[in-house]
Amino acid sequence: MGSYAEHQEILGRAFLHFQEHFPQGRIFTRHTGKFINMRFIDELNACRHDLHRILHAIKNFKRFLISISIPGQADSYITLPVRGELVRIEVEVKSGDAVQSKEQKAWEAAITEQGGLYILVRNPEDIVNAIKTKWPEFS
C-alpha cells in the first residue's frame, strides 16, 4: 500500500500536469476522512479512574467517529469545458500497490454508467491521457 506522502506527491504532480494542458479547467479536492467526536475525550475524562469504563469506551470507539465524506467518493474532481458544456471528472489517486475499496468501485460504476469520466490515477500523466482518450479533440 502506498504512503500518504506518495499519494500527495502523485496528486500534486498530476494536477500540475493537468493545468499545463488544460488551463481552462478547475480542480477541486474533497476533504474526506474520519474524526473523533469530542464526546469520546469527555467520556475518557469522566472515567479516568475506572479502568473497566476506560476499556469499555475504547472498545466502543467506533461510535465516536464522524465521517465527513460519502463512502467511496473520489478524492477530487475536475471541471472542464467540453463541446460547450461544463463536464465534471472524478479523480481517485492510488499510490504503491493500493487498490480501490468496494465502495470506490461502486462510486466509479455509478459515474461511468451515467456517461461520466472517472480516472484512477497512478502517475501524473493519467488525467491528461484519460481526457484525451475520451475527447480526441484535446489531442
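Reader: Which kind of contact links Arg30, Arg88 and Glu90 into a network?

Author: Salt bridges link Arg30, Arg88 and Glu90. Before we go on, a word on the ground rules: this is a predicted model, where local features need pLDDT of at least 70, side-chain atom pairs count only at pLDDT 80 or more, and totals for chains, interfaces and linings use all residues. Residues are numbered from 1 along each chain as its sequence is written, and side-chain values use heavy atoms, with hydrogens and water left out.

Reader: What makes arginine 83 exposed or buried?

Author: The cut-offs refer to relative accessible area: buried is under 20%, exposed is over 50%, and partly exposed is in between, with a 1.4 Å probe and protein chains only. Arginine 83 has 62%, so it is exposed. Glutamate 137 has 43%, so it counts as partly exposed.

Reader: Let's turn to the rings. What makes phenylalanine 18 and phenylalanine 22 an aromatic pair, and what orientation does it have?

Author: Rings of Phe, Tyr and Trp (its six-membered ring) pair if their centres lie within 6.5 Å; planes under 30 degrees apart are stacked, over 60 edge-to-face, and the rest tilted. The structure holds four aromatic pairs. In this one, the centres of phenylalanine 18 and phenylalanine 22 are 5.4 Å apart and the planes make 35°, which is tilted. Phenylalanine 18 has a relative accessible area of 0%, so it is buried; phenylalanine 22, at 1%, is buried as well.

Reader: What can you say about phenylalanine 40 and phenylalanine 64?

Author: Phenylalanine 40 and phenylalanine 64 are 5.3 Å apart, centre to centre, with 55° between the planes, so this pair is tilted. Phenylalanine 40 belongs to helix H2 (residues 38-46) and phenylalanine 64 to the loop between helix H3 (51-59) and strand S3 (65-67), so the pair ties together parts that are 24 residues apart in sequence. Phenylalanine 40 is buried at 7%, and phenylalanine 64 at 2%.

Reader: Which residues are linked into a cluster by ring pairs?

Author: Phe18, Phe22 and Phe138.

Reader: How do you know that the chain is more spread out than a compact globule?

Author: First, the layout: five helices and six strands, DSSP runs of H or I with at least four residues and of E with at least two, numbered from the N terminus. The elements run α-β-β-α-α-β-β-β-α-β-α. The radius of gyration is 20 Å, well over the 14 Å that the globule rule gives for 139 residues, so the chain is more spread out than a compact globule. That radius is taken over C-alpha atoms, and the rule is 2.2 Å times the number of residues to the power 0.38. The C-alpha atoms fill a box of roughly 70 × 30 × 25 Å along the principal axes. Of the 139 residues, 35% count as buried.

Reader: Last one: which residues does histidine 7 touch, not counting residues up to four places away in sequence?

Author: Histidine 7 touches Asp75, Val93 and Ser95, where contact means heavy atoms within 4.5 Å. Histidine 7 lies in helix H1 (residues 4-21), and at 16% relative accessible area it is buried.

Methods. Salt bridge = Lys/Arg side-chain N within 4 Å of Asp/Glu carboxyl O.
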